[in-house]
Amino acid sequence: SLLASKDCKVRKWLMEDRLISLNTLNEYHVGAVTQTFNGVQKQCAVFPWFTDGEDGPVRAKIRAHDDKKCMRLEPQGGGWGFFGWNTVEETDTAIAV
């Protein structure tokens, strides 16, 4: 993952501008990829969506670190889920959405 590199623009954006720790990014399975928007390559954050009972993410929101308009959901037509659902334990009795 690009996120592992200290030179990654997405990592810098999330950790320095958004003040999110690397531990939190790892716990929520946030990643980084390069995607093309309107013919331009951009480094993007990947926010996976999970559902109860699924082993892996059902969909992901992909957003360029430098342009909020450059965003997409993949796969197109994929399932709906929640970002962070993978952190919910069976013993949790309440979830704030």
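Predicted model: local features only at pLDDT ≥ 70, side-chain atom pairs only at ≥ 80, totals over all residues.

Guide: Residues are numbered from 1 along each chain as its sequence is written, and side-chain values use heavy atoms, with hydrogens and water left out.

Visitor: Which residues form the largest nonpolar core?

Guide: In soluble globular proteins, nonpolar side chains tend to be buried together. A nonpolar core is a set of buried Ala, Val, Leu, Ile, Met, Phe, Trp, Tyr and Cys residues joined through side-chain atoms within 4.5 Å; buried means under 20% relative accessible area, exposed over 50%, and partly exposed in between (1.4 Å probe, protein chains only). Here the largest core has 10 residues: Leu3, Cys8, Val10, Trp13, Leu14, Leu25, Val30, Ala32, Ala45 and Phe47. Helix H1 (9-17) and strand S2 (40-50) each give two or more residues to this core, and the largest share, three residues, comes from H1. Helices (H or I, at least four residues) and strands (E, at least two) are DSSP runs, numbered from the N terminus. Another core, of seven residues, lies apart from this one and includes Cys44, Val46, Ala60 and Cys70.

Visitor: Where is Arg11 found, and how far away is the nearest side chain of opposite charge?

Guide: Lys and Arg count as positive and Asp and Glu as negative, with His and the chain ends not counted. A salt bridge is a side-chain nitrogen of Lys or Arg within 4 Å of a carboxyl oxygen of Asp or Glu. Arg11 is found in helix H1; Arg11 is buried yet has no salt bridge, with Glu16, the nearest side chain of opposite charge, 7.3 Å away.

Visitor: Which strands pair with S2?

Guide: Two strands pair if DSSP finds at least two bridges between them. S2 runs antiparallel to strand S1 (residues 31-37), with seven bridges, to strand S3 (residues 59-64), with six bridges, and to strand S5 (residues 82-83), with two bridges. Val33 has Cys44 in S2 as its bridge partner. Trp49 stands opposite Arg59 in S3, and in S5 the bridge partner of Trp49 is Phe83.

Visitor: Why is S2 described as largely enclosed?

Guide: Eight of the 11 residues of S2 are buried, so the rest of the structure largely encloses this strand.
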